[in-house]
Amino acid sequence: MLSCIIKIKRIIREKRLRGSLVVLKNTLLDLLLLPRSFYKKLSDKANTLHPGIILVGFIDIGFALGAELFGYFFGKTRAALIFNISLTVCFVLLVGLIDVVFFALPLFDIFKFFRVKERIKNLNGQLIKLMKVYVASHFPVMPVNAFFYWLVLGPYGTEALSLLGYFVTSVITPLWHAAILARGINAIYEFDERLKTLVFFIAYLWTTMLGYALGFMINNWFFALYR
């Protein structure tokens, strides 16, 4: 009888421990990848997407400017400074629009083949939600990228820190970014388990290619217009 009671207590403790680990895991995932409930609450209203497009453009242009910031905006004539600032505002709007649209449209077409047409009545609204997932995915990653970017370019930059910063921003945060996107996409589309890993790889490959394309365009075409 006593042994049975001990076994029951042990089972209860194990269940509580497993439950605590599950809660801890879900909490960490919510912190790192944003809660699923957040993605499910995203609306299909286009007007709330506009500030997000501007934010993405600001992030893209801000990181691309980097060490060249002083060269473009300090020690310039008044006319050149006004021209460069006006050009930057245009770049923020244009690059933000290109980034968000060219992320969402191809993936939106791909996901149509995942048998979601019959479950989603408002396809245009779903496209807007997908764009909002992309905008929201920048919130957790951007501060980390900015910190390591500053660490490399700032007064504490050393060869070791440069290698660490390059590894984090080139390997860790792109994978993290793709995981955030995969969670958001799976939340708004409600894909089954068989597709979730595939969604992660699609998001990772596409954001990587889009990042390289945007970087080339910004550095070689847009920044060449500065005075």
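Biologist: Why is Glu190 called exposed?

Modeller: Its relative accessibility is 54%, and exposed means over 50% relative accessible area, buried means under 20%, and partly exposed is in between (1.4 Å probe, protein chains only). Glu190 sits in the loop between α8 and α9 (193-222), and its phi is positive, about 55°, although Glu190 is not a glycine. Keep in mind that this is a predicted model, in which local features need pLDDT of at least 70, side-chain atom pairs count only at pLDDT 80 or more, and totals for chains, interfaces and linings use all residues. Residues are numbered from 1 along each chain as its sequence is written, and side-chain values use heavy atoms, with hydrogens and water left out.

Biologist: What makes Leu34 count as buried or exposed?

Modeller: Leu34 has 17% relative accessibility, so it counts as buried. Leu34 also has a positive phi, near 70°, in a residue other than glycine, and its place is the loop between α1 (2-33) and α2 (36-40).

Biologist: How do you know that Arg183 is buried?

Modeller: The relative accessible area of Arg183 is 7%, so Arg183 is buried. This residue belongs to helix α8 (residues 159-189). Leaving out residues up to four places away in sequence, Arg183 touches Leu29, Asp30, Leu33, Leu34, Pro35, Arg36 and Tyr39, where contact means heavy atoms within 4.5 Å.

Biologist: And why is Leu87 called buried?

Modeller: Leu87 has 14% relative accessibility, so Leu87 counts as buried. It is found in helix α5. Apart from neighbours within four places in sequence, Leu87 is in contact with Leu225 and Tyr226. Leu87 and Phe222 are 135 residues apart in sequence, with their C-alpha atoms 8.9 Å apart in space.

Biologist: How many helices and strands does the protein chain have?

Modeller: There are nine helices and zero strands. Helices (H or I, at least four residues) and strands (E, at least two) are DSSP runs, numbered from the N terminus.

Biologist: What makes α6 roughly parallel to α7?

Modeller: α6 and helix α7 (residues 138-153) pack at an angle of about 25°, and their axes are 6 Å apart. That makes α6 roughly parallel to α7, because angles under 35 degrees count as roughly parallel, over 145 as roughly antiparallel, 65 to 115 as roughly perpendicular and the rest as oblique. The axes are lines fitted to C-alpha atoms, for helices over the stretch in contact, and angles run from 0 to 180 degrees between N-to-C directions. In this contact, Tyr134, Val135 and Ala136 in α6 meet His138, Phe139 and Pro140 in α7.

Biologist: Then why is α5 called oblique to α6?

Modeller: The axes of helix α5 (residues 78-111) and helix α6 (residues 123-136) come within 9 Å and cross at roughly 130°. That makes α5 oblique to α6. The residues of this contact divide into 14 nonpolar, one polar and one charged. Here Ala, Val, Leu, Ile, Met, Phe, Trp, Tyr, Cys and Pro count as nonpolar, Asp, Glu, Lys and Arg as charged, and the others, Gly among them, as polar.

Biologist: What share of the protein chain counts as buried?

Modeller: Of its 227 residues, 36% count as buried.
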